[in-house]
Amino acid sequence: MNQSFYGLLLWIFLVAPPVANFMESVMVIHMHMQMPMLVIAGMLMARFFQKRFSGFFEIWNSNGVPGITLFIVIMVYWMLPRTMDEALTSHLVEGFKFISLPFLAGISLRDSWKKLNSFGKNSIIISFTVLFLGLGWLYIWSPVQLCNNYLVFQQVTLGWGFLTTSIGMVVYLGYNFFIDPSAYE
Amino acid sequence: MKMEADLIAGFKEKTNKMLGFYTEDAKLSKSYIAVAFIALLVGGFLGLLQGLNRAGLLELPTWFNYYQVLTAHGLLLILVLTAFFTIGYFYAALSHNLGGLLPKVRKLAWIGFYVKLVGFVLAVIPILMNEASVMYTFYPPMAAHPVFYIGLALIVVGVWLCCIGAFIQVANWRKNHKGQHVPILSYFATGVFVLLFFALMFVAVEVLFMIIPWVFGWVDTINVMVARTLFWAFGHTLVNIWYLTAVSAWYVVVPKIIGGKRWSDLLTRVVVIALVIMNITGGFHHQIIDPGINAVVKFMHVFMSLAIGFPSLMTAFALFAVFERTARRKGGKGLIGWWKKMPWGDVRFLAPFIAMLSFIPAGAGGIAQSTNQLDQVVHNTMWIVGHFHLTLGMSVVMTFFGISYWLVPFISNRVLTPQINRLGVIQTWIWTIGMICMSGAMHYVGLLGSPRRTSYTTYGDHATALGWDPYLMLLAVGGTLLIVGVILQVYAVFNMMFFAPKGETEFPIAEEEDNATKTPYLTERWGIWIVVMLIVVAMAYVIPLTEFIVNAPPGSPPFKTW
Ligand code: HEM
Ligand SMILES: [Cu+2]
């Protein structure tokens, strides 16, 4: 209960106009801080929904695959330059961002992750790593402005954000691959 | 006869093992600690020369000018003293906690020792030749003789070897002790070496890929802002590595010395993790006045560096709780009365205790400096010098002194005699008074505008500059007291190392509280914490570094400004 409440607080904080305006003013903060934090808010709130609607999650997400699919769809959707642009121009789309990231992506991630086997988990992380490398490449070397609302320079910064994040994930995968926790625990 | 001697030797070896004492490892730590305190002695004398010069009492000769002295003082005390002490101390802890160092780990640490010494000698030669008066920050576009940077690079490699050695040691222990938590002092050591390992990457990139090609003339110009940023990503982390080292003694050793129990194991480990994750990004608070970073990003960075205040406050709370509980258990009464139950006459307690107290004003000053508008007033003035003599010269170094009074006897198989303890108590008070005078004077004269890194001048008898003189005189008085403190401390260390009576000294590690909650195993998953750290680093550095590189101004050729 407690963590759901903190998740709600975090969500309210992120949606508050001054905070939202500030975070959306810098492209990389928009995509790499605001959006993940919305997902985290959703993950925290997930406890509440899992308890409240446990039957629902059991029926529809028994093996985690539907949930994780929903998560991927939502995440990929928000990584398109076009959708970011629209979130800044249309209130309706911005509203959808504030709803979809926590409540569709965040909750389903929390509910699904534990249900996946390690092959599933690793494939998800690997696909996101590849996706991030690709997007990093796109944003850094794209010759044109991809977003109406952000300058090319901001785009390049975002590209480096993607590349460094994917380096973080590669380190994690390497750690998982080379180090066998059962040798230590 | 021979057999009997062997038997006695074997027996002695066994009791030593039971006490967690390993002769070979002790020799290693002893060498590190000896170098650290020699650096203190030499660096302290150089500090005195600076103090006397700043007060207008001493003019330095042209063949050894103020800026040479300052560069050497900075390097000796910031790099040599702290690095060698930290490594000597934590290697002693790893050896004691984890059943002795593995032979290959010991070898790595020895190679690291000599690589660092060679590097240091290489760095000092150009300083003495007046070819490297670039201060310990070696900001481009000031350019020193190439040998200076090669020396620095070797020091980096030497420290890396020690980091790798520590990782191997801890990994090996964990393999043989599945599911157990790494003992607390070794846990601190792991955190410190993880931080060192990653922080050094930033200077390594700066020195190897930016400065060395530039001073050799392979490239014409250097990107000054990128170099400064890489330096402080390392420099600031180094500061917190000292702090984490001191904190390890506060949490683990001091409670034992006063006869108490350790504060929550879980929260202690959380403090270590928090410092590891949030540290590197604090580097930007050294660049609050730098151009080229916009206000929004600076604001984010101030937030990130103030975040480190949180584990610091936790530490303060935890330690005072431990003191009060212990004193009350010993019959201390009342709101203030329990203070009397503390072992004020024991230097192993007194020195780190005063060190902790000094962290209160030191931390407050740090928070002030993190504020853009306030930093405008004190940036590059003597205030800053006052600040780090309080943090480093008092909070950290006095903790190191306090540690030396049990660590040196422990690794030397000798004991702390009452005489040396008394000497230590006197030393502690001299250092306290000296540092309060010196650092107080520095803070105040900085507010009046006296610049740092500037040898004595009256600016043509300008009234403002003349107004600084009384404070600079107080600075020199403090500095003189401090050099007395340095001499007493170094004497005590070498006395304990070579001349004190033989005997066994305990490695003081406090036990957990009886009703302690179990620490979750998550705290041991360094892989996760390192990934989180890398992501936090990316969050802080991607925006400004992209800015500096993509929108770079023309680079700068090397300059010799002296
Ligand atoms: C005998 C004791 C000491 C005295 C008298 C002393 C005095 C001074 C003075 C006068 C300055 C120069 C201020 C300037 O012109 O900018 C200075 C700088 C400095 N001191 Fe000390 N100090 C002492 C001990 C220490 C200790 C124990 C440490 C650290 C462990 C330390 C670290 C530094 C550093 C890092 C600088 C800055 C160098 C630079 O700006 O490049 N000092 N000290
Ligand atoms: Cu700092």
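1. A residue counts as buried when its relative accessible area is under 20%. Phe507(B) has a relative accessibility of 5%, so Phe507(B) is buried. Phe410(B) also stands at 5% relative accessibility and therefore counts as buried. Keep in mind throughout that this is a predicted model.

2. Aromatic pairs come next. Over all chains, a search of the whole structure finds 64 of them. One is stacked: Phe85(B) with Phe400(B), because the ring centres lie 4.2 Å apart and the planes meet at 15 degrees. Phe85(B) belongs to helix α3 of chain B and Phe400(B) to helix α13 of chain B, so this pair ties together parts 315 residues apart in sequence. Both Phe85(B) and Phe400(B) are buried.

3. Phe410(B) and Phe507(B) make an edge-to-face aromatic pair. Their centres are 5.1 Å apart, with 90 degrees between the planes. Phe410(B) sits in helix α13 of chain B, while Phe507(B) sits in the loop between α16 (469-498) and α17 (526-550) of chain B, so the pair ties together parts that are 97 residues apart in sequence.

4. Now the iron site. His73(B) and His389(B) each coordinate the iron atom of ligand 1 through NE2, at 2.0 to 2.1 Å. His73(B) lies in helix α3 (residues 66-97) of chain B and His389(B) in helix α13 (residues 382-412) of chain B, so the two histidines tie together parts 316 residues apart in sequence. The iron atom of ligand 1 has six donor atoms, with angles of 83 to 179 degrees among them, and the site is octahedral. His73(B) and His389(B) are buried.

5. The surroundings of ligand 1 comprise 27 residues. Among the closest are Arg54(B), Tyr66(B) and Arg453(B). A polar side-chain atom of Tyr66(B) lies 2.5 Å from an oxygen atom of ligand 1. For Arg453(B), a backbone N or O atom lies 2.5 Å from an oxygen atom of ligand 1. Gln50(B) places a polar side-chain atom 3.5 Å from a nitrogen atom of ligand 1.

6. The copper ion (ligand 2) has three named protein donors: His236(B) (ND1), His285(B) (NE2) and His286(B) (NE2), at 2.0 to 2.1 Å. The donor residues follow the spacing H-x48-H-H in sequence. His285(B) is partly exposed, at 21% relative accessible area. His286(B) is partly exposed too, at 23%.

7. Chain A carries a record annotation. An unreviewed UniProt entry lists residues 61-80, 122-140 and 160-179 of chain A as "transmembrane region". Residues 61-80 of chain A are 75% helix and 0% strand, with end C-alpha atoms 27 Å apart. Residues 122-140 of chain A are 100% helix and 0% strand, and the end C-alpha atoms there lie 27 Å apart.

Note on methods
Residues numbered from 1 in each chain as written. Chains lettered and ligands numbered in written order. Predicted model: local features only at pLDDT ≥ 70, side-chain atom pairs only at ≥ 80, totals over all residues. Heavy atoms only, no water. Donors = N, O, S within 2.8 Å, 3.2 Å for Na, K, Ca; no water. Tetrahedral: all angles 85-135°; square planar, octahedral: opposite > 155°, others 65-115°. Helix = DSSP H or I, 4+ residues; strand = E, 2+ residues; numbered from the N terminus. Buried < 20%, exposed > 50% of the residue type's maximum accessible area, 1.4 Å probe, protein only. UniProt positions renumbered as here; feature names shortened; annotations may be inferred. Near = heavy atom within 4 Å. Polar contact = N/O pair within 3.5 Å; in protein donor to acceptor, adjacent residues only side chain to side chain. Phe/Tyr/Trp six-rings, centres within 6.5 Å; stacked < 30°, edge-to-face > 60°.
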